[in-house]
Amino acid sequence: GIIGLLMANEVMKICLDNGSVLSGKIQLFNGLTGEFSKIGIQKNHTLKLEAMQTNYEFSSLSLCTFDNVKIQELDSDAFNELIKTEAAFLDVREKWEQPRVKSKGLLEIPLDQLENRVKEIPKNKQVIVFCQSGGRSKIAIHLLTKHFGFNNLYNLKDGLKSCQLSL
């Protein structure tokens with residue numbers, strides 16, 4: 001119930017790279033009084049999160065592993081060149097997010113609609129997937145690769161915020 005909702009909210013803040021996460025804190029909920037409190041905890045510096053995500057750098061292309069799915073990533077320079085071509089692009093941001101990208105091969109499918117609109121995404125050519133900061137596009141590629149058999153997807157590393165687009 002309530003605790004599950006709070007946990008899901010923390011995950012959304014991390015995935016969307018938005019809001020203040022409870023890093024270094026534990027939030028307590030008293031169900032009898034309906035009150036919340038937080039306690040601080042100390043980080044264990046011997047643990048590393050590198051098992052979840054590892055990057056291998058190449059020139060303008062890097063390889064990222066996300067939950068055992070290998071994701072090829074493009075840097076902003078490569079993206080800025082490709083946006084001028086007829087390459088296929090998948091924008092997984094919400095409709096209200098700015099800046100809007102203009103390209104002939106652009107599909108705009110928000111992440112929460114992806115599973116219902118998966119047939120719109122081409123499997124026969126490379127598709128560059130992007131969002132604002134790179135987090136949702138990794139989730140989209142993970143979902144499409146693991147559950148729908150895509151192997152032609154590239155992530156814009158660090159999202160549109162890393163690009164200086166001339167729109």
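Modeller: In this predicted model, the largest nonpolar core has 18 residues, and those touching the most other members are L90, L114, I121, V127, V129, L144 and L153. The elements giving two or more residues to this core are β5 (69-74), β6 (88-91), β8 (127-130) and α3, with α3 giving the most, namely four. Such a core is a set of buried Ala, Val, Leu, Ile, Met, Phe, Trp, Tyr and Cys residues joined through side-chain atoms within 4.5 Å, where buried means under 20% relative accessible area with a 1.4 Å probe, protein chains only; helices (H or I, at least four residues) and strands (E, at least two) are DSSP runs numbered from the N terminus.

Beyond its neighbours within four places in sequence, V127 is in contact (heavy atoms within 4.5 Å) with A88, F89 and L90, with I121 and P122, and with N152, L153 and Y154. Another core, of 14 residues, lies apart from the largest one, and L74, I83, F130 and Y154 are among its members.

Turning to α3 (135-148), the buried residues of this helix are R136, S137, K138, A140, I141, H142, L143 and L144. Its 14 residues should span 20 Å at 1.5 Å a residue, and the end C-alpha atoms are 19 Å apart, which agrees; the expected span is 1.5 Å times one less than the number of residues. Just after α3, G149 takes a positive phi of about 75°.

Residues are numbered from 1 along each chain as its sequence is written, and side-chain values use heavy atoms, leaving out hydrogens and water. Local features need pLDDT of at least 70 and side-chain atom pairs count only at pLDDT 80 or more, whereas totals for chains, interfaces and linings use all residues.

Technical notes. Buried means under 20% relative accessible area, exposed over 50%, partly exposed in between (1.4 Å probe, protein chains only).
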